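Dear colleague,

Please find the structure below, handed over for your reference.

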Amino acid sequence: MRLAICDRDAAFLRRVERMLWQMQELSTASFVFFTDPDWLLQDVESHADGFDILIVNRSLGERDGVELAARVLHANPWCKVIFLCEENRFAPELYSVAHTFALAKEQLSAYLMPAVEKAVAELDAESADCLRVTSQYARLLVPVSKVIYLERIARKTNLVCVQETIECAAAPAQILGERLGRRFVQCHRSFFVNRMKIRGVQ
């Protein structure tokens, strides 16, 4: 799991880091801290894995944290966003972007851990029903219910879905993982069929 934290205040980022290291759910996670939103965008565009959780200040000087979060979500649709606000007041602009939590910096001690726990729970629930794939530099979240089967051809994997076929480089075992692997049956060395799509066996 990768977390990105973006705020102009380096001392505040160190405080957030200390709090995150205390969380059991994040013991194997990696954290990347940004004081410059442009560096965050460069990382999102160049890193194949993307981020699972983004903690971002709503106000980043000349940059708007809401617009930044929208760009991250466009490139990385499974990312969970937690907004930080300088003051504790209603901010309707936050609702223009899908987010898990919004909290005032003054409430950080009380609400950061519950916010991250909620984001991790949402990621776990999603990973039980969706495949994460990177296809032609686009990161996609594909519902298992739409996948008929996976076929490995040479060094590519085709996800054959109800209305489209998605090609990616990752191996089927990588895409499915242990949890989703149980929902597919490997009927040939190269074919992994969605158990929900099987109507009969000859």
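**Findings**

Helix α2 lies across β1 (2-6), β2 and β3, and runs at about 155° to β1. Lying across is judged by contact, meaning heavy atoms within 4.5 Å. Axes are lines fitted to C-alpha atoms, for helices over the stretch in contact, and angles run from 0 to 180 degrees between N-to-C directions. Helices (H or I, at least four residues) and strands (E, at least two) are DSSP runs, numbered from the N terminus.

This is a predicted model, in which local features need pLDDT of at least 70 and side-chain atom pairs count only at pLDDT 80 or more, while totals for chains, interfaces and linings use all residues. Residues are numbered from 1 along each chain as its sequence is written, and side-chain values use heavy atoms, with hydrogens and water left out.

The sheet is open and consists of five strands in the order β2-β1-β3-β6-β7, with parallel pairing. Two strands pair if DSSP finds at least two bridges between them. The edges are taken by β2 (30-34) and β7 (101-104); each has a single partner strand, so one side of each is left without a neighbour in the sheet. From one strand to the next, the twist averages 15°. Within the sheet, β3 (residues 53-57) and β6 (residues 80-85) pair in the parallel sense over five bridges, and leucine 54 stands opposite valine 81 in β6.

The axes of α2 (residues 37-46) and α3 (residues 65-75) come within 10 Å and cross at roughly 5°. The two helices are therefore roughly parallel to each other, a term that covers angles under 35 degrees. Pro37, Leu40, Leu41, Val44 and Glu45 in α2 meet Leu68, Arg71, Val72 and Ala75 in α3. By class, this contact has seven nonpolar, no polar and two charged residues; Ala, Val, Leu, Ile, Met, Phe, Trp, Tyr, Cys and Pro count as nonpolar, Asp, Glu, Lys and Arg as charged, and the others, Gly among them, as polar.

Yours sincerely

Technical notes
Parallel < 35°, antiparallel > 145°, perpendicular 65-115°, else oblique.
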